[in-house]
Every structure is written in structure tokens, then in C-alpha cells.
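In this notebook I record what I looked up in one structure. The entries follow the order in which I consulted it.

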Amino acid sequence: MSPAGNTLVTFAAPLLLLWMSVAPLWAFVDELDDSLLQTRQIEDIWLIKFYAPWCRICKQLDPTWHVIGSELKSVGSPVNVGKCDAVANTGLAKEFNVRTYPAIFMWKNDEKYLYSGPRTADAIVEFAHRVSGPLIRPLTSVQLFQHALNRHDVMFVYIGASSQLKGEYLSVAREMIVSTFFFSAGRDVVPKAVSLPALPAVVVFKDGDCFGYNEASDGSLKAWIKRERFRNYGKVDDHTLYAMGDSGKLILLALLDEVNASQQNLRFRYKSLVWKISQDYKEVYSRNIHFGFMEGSEYVSGLIMGELRLPAIVMLNLSTDSYFMPPASLETERHLLDFVDQVLDGSIQAHGGNGLPQRVRRFIYDTKVTFLLLLSEAPVLGCFLVAIPFGLLLFVCFVCLKACSDYGGQDDDDYNRPVFSRRQTADKKSN
């Protein structure tokens, strides 16, 4: 073989191997169009990603989406994985009421479930398993119960025979299956060490503890599950923080900065302080407050419309888009406890809010941040988008000025005519 031929083989072989390794992943994702509305059978379950051809985040999600398709097929899941160009297939996009890109939906029976969690393969696969299965999963043995307990940080279980409470539990599961698992069990499969309230009961297992729902003190079952579906303390990301806002609880966060090595001692102290009061004062605060730590502050910066100096401790009330800052440095556990108590009794004034002035300010801030991000990642497109409104504004100003100039010139000419001539002109116009 000639040297040129050897060189061609040398370069082609790795490309061929790469294509052979990647091609099977693409085989498990179907490109969908509007015809799915007519061809889909009622028993078909679809996990669909809606995208737009110009969407950068959609393109970044493509490799993950093909891994999801391959993984679900490899475990024998009944879920079909597809993607749909929502711009070209408006019928299917309208059926799902797609408003943003990418949008991820599970279509099961006649129900459409919107996914709003992290865009990682593990998180989306878990969502697919959760929603495609039964609304309430029965735990029929001690071993199965223990396996589920070990696998889930937070686990809701209905214990007992059929009742009105079980009907309410099923109704909540139908609405909240997108975010958490729901189980049922008989008393005989629950570990003997677990102290249960009177049956039937709905019990949550989390943080090494368990406690039951009490309608008199906890309100509606749905509100209670929303409040209790998070661990008492843990690492929080943007998606978790957004979901916590729906619980009605306050959120005490230690905001940490991984980059600044000079602040390691302060980082450790803030993180430890929040963890300690979450454990030592669980009975006092857990009904009203979530505790956690967060790497970075992008989400919180958007809420307060400014940059926080990290590390920091902040209390959030996402139901009103407000926040509380410590009035002084938090050096000890006592300082942090005083801050928390002052927030709860109203001694510290909340900042932010969701009133009209704050919404306008937040819109301006978000627009500025989005524009700066666009300029940094796509400067040509950013300049073009800015030039369009400015160009239109200049054109409108030019037309208005020209019209005023023409009108003013016509008046001057009319004024400079003799009085008799102007009267003749006026008479002609009246006739």
C-alpha cells in the first residue's frame, strides 16, 4: 500500500471506531413530528424533548438525550424516547403547550407530565422510571421495604387498608409523581422498631427519622407533602431551590465560593453553623425552615438583583421573592440562632418582594444579565439584536423630524404670503 494509503487508513480507523461506538446511541431516539398525534396508541409512553433549531442549550442536551434513550432501552423500560422540532411541528408543540426550549415531557395515557429538574442523564432517567410506573408502588416484604428505604433520602408511605385517606393520597400522587415517589405498605412489612401513629396513616421517612401526617396540625395532605419532600439539610442546586419555593417554608442557606481559597475557614464555619442548628434544633425549626448549602450564588444574585460577597448566610422566602440578611457578622451559633429567631418573629425587615416596582427592577436586571451573557458568548448576534431596536428608534425619530420640518416649512411659506393671498387660499380650501 502507498504511503498516502497508509495515512488515510491511520486517520480513518479512529473515526470509524468513534462512529461505531456512537451510532447505537442515536438508534434509540426517534425524530417525531405532528403525525404522532394520529399514530400513538393509548398504551404508548413517550419521553419527548421539544427543541428549536437555533437553541444552543437544546444542542448541548443532544448527547445526554441519546444516552438516556440507550439506557432506558438497555433496562427494558416501556418508555419510548423521542425529540421534536417544535418550530417545524407546531401541532405537536401546541398539544403540549410548549413555551420554552428545551421542554421535556412524559406522555402517559392521556396525561402530560412536564419535567423541571436538572438536565442530567441520571435525573431524567429517574423521572422516566418514576412517572412511567404505578402512581403508588406497593412494598410487599420487609426486604423490599428496607431496599426502598436505603435508596430514597425521603420516602412517603401509606400504611393501612383502603380508606378516604388513601384516596387523598392517590390524588396527591397523581399530581406530584413528577417530583417524588409514593409507596404503600402493610403494617407487617414495616420494621418493628418504627413507631407508627394510628392506622391508616401517611408516614414520611427521612434524615434517619419518621413521623406521620396529622390533619389537625398539618393542614391538607398535599401541603404537608410539599413541605416535607426535602431533606432537612443538604446541598441545594438551582432546580432544588426553585422547587423548595413551592413548599411555603423559609430557606436558610450557606452560600459558598469554591474559587476563593483564602476564605476556606469562613466557608467551613458558615456551613457547619447551618448544619449544626439544622440537627440540634430540628424539632424547633424544621416545620418552618429548610436548611442547606449552595455552591455559588447566581440564582440568589438574580433574586436580590446584585452580587453577594461569598461566603455568606442568607434566609430566603421564595413565596414572596424576598430575603433577609444578617445585621452583623455571624461568629457563633448563638449569633445565627438570634438571626433565625428575629426573622421568624418579624424583627428583621425583609428585602426584595414581588410588588410591581420590584418586578420592574428584576425584569431590567434579568434583561441586563441576559444581554451581557449573550454578548460574551455570541458577540455578533448580540450586537445585531441591539442594533435592530436602535435602528428602528432612529428611523422613527427621522420620520417624525422630517414630518415636523415639512409641516413647519409649509406654515412659513403660507405666513409669508400677503394677507389677501392667504385669504384666497383659505376660501379655496373651504370651497
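I note at the outset that the model is predicted. I began with W54, whose relative accessibility is 63%. Since exposed means over 50%, W54 counts as exposed. I then looked up Y101, which has a relative accessibility of 26% and therefore counts as partly exposed.

**Entry on aromatic pairs.** I next asked how many aromatic pairs the structure holds. The structure holds 16 of them. A pair of aromatic rings is described by the distance of the centres and the angle of the planes. For W54 and Y101 I found ring centres 5.7 Å apart and planes at 85°. Planes over 60 degrees apart count as edge-to-face, so the pair of W54 and Y101 is edge-to-face. I also looked up where the two residues lie. W54 is in the loop between β2 (45–51) and α3 (56–74), and Y101 is in the loop between α4 and β4 (103–108), so their pair ties together parts that are 47 residues apart in sequence.

**Entry on F145 and F205.** I turned to another aromatic pair, formed by F145 and F205. Their rings are 5.6 Å apart, centre to centre, with 80° between the planes, and the pair is edge-to-face. F145 belongs to helix α6 (residues 142–151) and F205 to strand β9 (residues 201–206), so this pair ties together parts 60 residues apart in sequence. Are these two residues buried or exposed? F145 counts as buried at 0% relative accessibility, and F205 counts as buried at 6%.

**Entry on a ring cluster.** I recorded a cluster linked by ring pairs, with F156, Y158, Y169, F182, F211, Y213 and W224 in it.

**Entry on two helices.** I examined how helix α7 (residues 164–176) packs with helix α9 (residues 221–228). The angle is about 55° and the axes are 10 Å apart, which makes α7 oblique to α9. The crossing of α7 past α9 is right-handed. On the α7 side the contact is made by L165, E168, Y169, V172, E175 and M176, and on the α9 side by L221, K222, I225 and K226. By kind, I noted 6 nonpolar residues, no polar ones and 4 charged ones in this contact.

**Entry on N89.** Finally, I asked where N89 is placed. N89 is in the loop between β3 (79–85) and α4 (90–95). Its relative accessible area is 12%, so N89 is buried. With neighbours within four places in sequence left aside, N89 is in contact with L32, D33, D34 and C84.

Note on methods: Residues numbered from 1 in each chain as written. Predicted model: local features only at pLDDT ≥ 70, side-chain atom pairs only at ≥ 80, totals over all residues. Heavy atoms only, no water. Helix = DSSP H or I, 4+ residues; strand = E, 2+ residues; numbered from the N terminus. Buried < 20%, exposed > 50% of the residue type's maximum accessible area, 1.4 Å probe, protein only. Contact = heavy atoms within 4.5 Å. Axes fitted to C-alpha atoms, helices over the stretch in contact; angles between N-to-C directions. Parallel < 35°, antiparallel > 145°, perpendicular 65-115°, else oblique. Left-handed = near helix turned anticlockwise from the far one by under 90°. Nonpolar A, V, L, I, M, F, W, Y, C, P; charged D, E, K, R; others polar. Phe/Tyr/Trp six-rings, centres within 6.5 Å; stacked < 30°, edge-to-face > 60°.
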